[in-house]
Amino acid sequence: MKLFFLVGSVISTVLILIVGFQNFGSTINDFYIFFVPVDLNPSLIVFGLAFLGMLAGGFYFGFMSSLMKDEEEPGGSMEA
């Protein structure tokens, strides 16, 4: 599971960086996604990038929680 979360977080972060830096100097009329011009409503573009950010955050959370779960001691908790 750790590998799944790590790969998912890296891929979604790279997608955000590609879309962000590819459109760094362009106007909203010439918005590019993987070198293909897209004519969309700016609100949909912002919501799409926000969704990618939430997806990346979910993958990062899953990866970090799986790392923390593996670091627990084998004896478990000391509950009565």
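Reply: From the N terminus on, the chain runs α-β-β-α. That comes to two helices and two strands. Both are DSSP runs numbered from the N terminus: helices are H or I with at least four residues, strands are E with at least two.

This is a predicted model, where local features need pLDDT of at least 70, side-chain atom pairs count only at pLDDT 80 or more, and totals for chains, interfaces and linings use all residues. Residues are numbered from 1 along each chain as its sequence is written, and side-chain values use heavy atoms, leaving out hydrogens and water.

Now the helix. Helix H1 spans residues 2–22 and includes Val 10. Val 10 is partly exposed, at 43% relative accessible area. Buried means under 20%, exposed over 50%, and partly exposed in between (1.4 Å probe, protein chains only).

Val 10 also belongs to a nonpolar surface patch, with Leu 3, Leu 6, Val 7, Ile 11, Val 14 and Ile 18. Together they have about 570 Å² of accessible area. Areas come from the Shrake-Rupley method with a 1.4 Å probe; for residues, only the protein chains shown count as cover. Patch residues have over 30% relative accessible area and no salt bridge (a Lys or Arg side-chain nitrogen within 4 Å of an Asp or Glu carboxyl oxygen). Nonpolar side chains (Val, Leu, Ile, Met, Phe, Trp, Tyr) are joined within 5 Å, like charges within 9 Å.

Next, the rings. The whole structure has three aromatic pairs. Phe 4 and Phe 5 form a tilted one, 5.5 Å centre to centre with 55° between planes. Rings of Phe, Tyr and Trp (its six-membered ring) pair if their centres lie within 6.5 Å; planes under 30 degrees apart are stacked, over 60 edge-to-face, the rest tilted. Phe 5 is buried, at 17% relative accessible area.
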